[in-house]
Amino acid sequence: MFQRTKSCSYQFKEVWTSPSITLSYWIDGYNWAKLNKEVIAVPNSNITKYYLPSEEEKTIKDKEIKRYENCRFHSFDTYKSVYFNMWCVYLANNAGEWRSATCTCPSFLKNYICKHIIGISIRLKYCKAPPEAENIAIGTKKREADHLKPKSFGHTIIFCY
Ligand SMILES: [Zn+2]
């Protein structure tokens with residue numbers, strides 16, 4: 001039989017293994033899903049790669065995907081025209097892992113979650129937006145929904161010149 005001789009004084013820190021999703025993201029994701037933009041899926045054994053048109057674009061052509069995958073860049077303008085024309089979401093084929101998806105859009109690179117991941121997961125019925133997100137009318141701007149966000153205490157960066 002084992003006995004503890006000293007009191008345990010471990011301190012555990014909470015570790016997030018998936019991003020927290022604010023109501024604002026749910027609204028954006030839900031609205032994106034309702035746009036029904038054309039999405040091209042390339043399934044693999046465990047993960048499916050989804051090509052999505054960026055904000056202005058409505059569809060993606062096969063030629064653009066080939067260019068995206070094979071293009072070599074000699075200028076930033078060429079890179080920008082190819083890589084900002086569509087986004088790629090890598091989403092597990094297992095519905096329970098949708099929060100660990102990745103996207104190539106700037107929002108994901110900053111916050112580890114974006115409307116594309118949420119929107120595709122809603123379209124695939126991997127997740128469901130909370131009722132309060134669905135009740136807010138389509139077309140609601142993110143700024144209008146920002147007051148619904150929980151308060152957060154971020155870092156303040158002060159630049160000294
Ligand atoms: Zn994205």
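Predicted model: local features only at pLDDT ≥ 70, side-chain atom pairs only at ≥ 80, totals over all residues.

Which residues of α5 are buried? They are Lys115, His116, Ile117, Ile118, Gly119, Ile120, Ser121 and Ile122. For the protein as a whole, buried residues make up 20% of the 161 residues.

Now place α5 in the chain. The protein has seven helices and four strands. From the N terminus, the order is α-β-β-α-α-β-β-α-α-α-α.

What covers the buried residues of α5? The cover includes two helices, α1 and α4 (106–111). It also includes the strands β2, β3 and β4 (102–103).

Start with α1. How do α1 and α5 pack? Their axes are 7 Å apart, and the angle is about 55°. That makes α1 oblique to α5. The crossing of α1 past α5 is right-handed.

Next, look at the residues that meet. From α1 come Tyr25, Trp26, Asp28, Gly29, Tyr30, Trp32 and Ala33. From α5 come Lys115, His116, Ile118, Gly119, Ile122 and Arg123. Sorted by type, the residues of this contact are seven nonpolar, three polar and three charged. An α-helix has 3.6 residues a turn, so residues three or four places apart point the same way.

Then turn to the core. In soluble globular proteins, nonpolar side chains tend to be buried together. Here the largest nonpolar core has 22 residues. Trp26, Val89, Cys103 and Ile117 touch the most other members. The elements that give two or more residues to this core are α1 (23–34), β2 (47–53), β3 (86–92) and α5 (115–123).

Leaving out residues up to four places away in sequence, Cys103 touches Trp87, Val89, Phe108, Cys114, His116 and Ile117. His116 and Ile117 are among the buried residues of α5.

Now the ends of α5. Tyr112 is not a glycine, yet its phi is positive, near 65°. Is Tyr112 buried, exposed or partly exposed? Tyr112 has 17 other C-beta atoms within 10 Å, so it is partly exposed. Just after α5, Lys125 also takes a positive phi, of about 60°.

Asn36 is found in the loop between α1 and β1 (40–43). Asn36 has a positive phi of about 50° although it is not a glycine. With 10 C-beta neighbours inside 10 Å, Asn36 counts as exposed.

One last stop is the loop between β3 and β4, where Gly96 is found. Gly96 has 9 other C-beta atoms within 10 Å, so it is exposed. How far is Gly96 from Cys127? Their C-alpha atoms are separated by 8.6 Å, and the two residues are 31 apart along the chain.

Helix α1 packs against α5 at about 55°. Ile117 of the core is one of the residues that touch the most other members.

Conventions:
Residues numbered from 1 in each chain as written. Buried ≥ 20, exposed ≤ 12 C-beta atoms within 10 Å, placed from the backbone. Core = buried A, V, L, I, M, F, W, Y, C linked by C-beta atoms within 7 Å. Contact = placed C-beta atoms within 7 Å. Axes fitted to C-alpha atoms, helices over the stretch in contact; angles between N-to-C directions. Parallel < 35°, antiparallel > 145°, perpendicular 65-115°, else oblique. Left-handed = near helix turned anticlockwise from the far one by under 90°. Nonpolar A, V, L, I, M, F, W, Y, C, P; charged D, E, K, R; others polar.
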